Amino acid sequence: NPRNALNFSGGPGALPENVLREVQQAIVEVPEVGLSVLGISHRSDWFAAVVAELEDNIRSLLGVGRDYHVLFLQGGATQQFSMVPMSLLPPDGEPADYLHTGYWSGKVLPAARREGPIRVAWSGERDGFSHLPSDDTLALNESAPYLHYVSNETVEGLQFHRVLGQDNVLRICDMSSDFLSRPVDAQRFGLIYAHAQKNIGPAGVTVVVVRDDLLENAPEDLPDFLDYRSQARAHSILNTPPVFSIYVVLLVTRWLMHDVGGLAAMDAINRQKAERLYGVLDASDGFFRGHAAERDRSLMNVAFNLPDEALEQRFLADAEAAGLSGLKGHRAIGGLRASIYNAVTLDAVEQLADFMDQFRGAQR
Ligand code: PMP
């Protein structure tokens, strides 16, 4: 029954059902305004209040103060691949350190190289991006202008379970696929970016959390739109922002704070979900083969293979028929992937786990 499908898509991902119901109402009419959210001016007092509340909610969830700007930008996480070095990478200084840990951190490299000197401080390419570096295999440059890494590799299902680098080198992190899924020591980062379409909303908006003092030395000749300072000054209303997407992200932060009970509570649920699925993998006598090394397993994306491709095709078809959607792996590595972002319930994960056990049983 496709109307009741459970969404395990890598992104855009599932959103909380309560939020979807509020959105449904808001599309017809935002009660306090009397207009559809799709037709409210971005210059209205209502929208200014939406942005102000959302900035505060994100600061509060991350535990940072007003020395961090919270920006809502367009262009996806991809635009940040360029915007970060445009602002923060001196064109003729030391290279910035970049970690190449999977598909998405690989996409960052050519974009950054176009803006200035970078160095790939570690690459997992030779091992097929099956694991992440341990601290003793990382030789980082202590005088790099910054260290850039991706906290969760969405395609391979690899996640760092610690903060990387040294406190005296600026940290910049793409948290697109695990943003607000667990508590994060945000004050140890100079800049965090994350698009909305995994854990916190629809596509169209990307959140950037950036420490104020970083912006002092940015070049003066950047286009306004690509200059964090102009965006900060305008509270992200430099031009017409994606009002709808930003509003949905606000509703998701309210859900996280008031219904879920904060990021520690969210993390506890996400751990239970991931343990359930990895448990199925580990108890399958090698039938389900996890892509990631055990230590680096992602709590968001569980990437795995079956013994052969024909079986994977059958798995996908049967899953689809059972109302389990979005399990096809990323085209870059194939195989299967269950994405279990914040809004995927433990109940949905139980249903997937049961389906996997039954599918394996049926092959004997
Ligand atoms: N970074 C990560 C970790 C991602 O998972 C993705 C997309 N799934 C991107 C960046 C690119 O994001 P966008 O499509 O918003 O540009």
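Start by selecting D285, which sits in the loop between α7 (263–282) and β11 (289–290). Keep in mind that this is a predicted model. Check the backbone here: phi of D285 is near 50 degrees, a positive value in a residue other than glycine. Most residues other than glycine have a negative phi. Is D285 buried or exposed? With 7 C-beta neighbours inside 10 Å, it counts as exposed.

Next, jump to L180, in the loop between β8 (171–174) and β9 (191–195). Its phi is positive too, near 60 degrees, and again the residue is not glycine.

Now for a peptide bond. Select G11 and P12: the bond joining them is cis, with omega at about -10 degrees. Most peptide bonds are trans. P12 belongs to the loop between β1 (6–7) and α1 (17–28).

Then go inside. The largest nonpolar core has 102 residues, and V207, V209, I246, Y247 and I340 have the most contacts inside it. Where does the core lie relative to the domains? Domain 1 (18–260) and domain 2 (262–362) both give residues to it, so it lies between them.

Last stop: I340, one of the residues with the most contacts inside that core. Show what it touches, leaving aside neighbours within four places in sequence: F8, K273, A274, L277, M300, V302 and V349.

Terms used. Residues are numbered from 1 along each chain as its sequence is written. This is a predicted model: local features need pLDDT of at least 70, side-chain atom pairs count only at pLDDT 80 or more; totals for chains, interfaces and linings use all residues. Helices (H or I, at least four residues) and strands (E, at least two) are DSSP runs, numbered from the N terminus. A residue is buried if 20 or more other C-beta atoms lie within 10 Å of its own, exposed if 12 or fewer, and partly exposed in between; C-beta atoms are placed from the backbone. A nonpolar core is a set of buried Ala, Val, Leu, Ile, Met, Phe, Trp, Tyr and Cys residues joined through C-beta atoms within 7 Å. Domain bounds come from an automatic or database domain assignment. Two residues are in contact if their C-beta atoms, placed from the backbone, lie within 7 Å.
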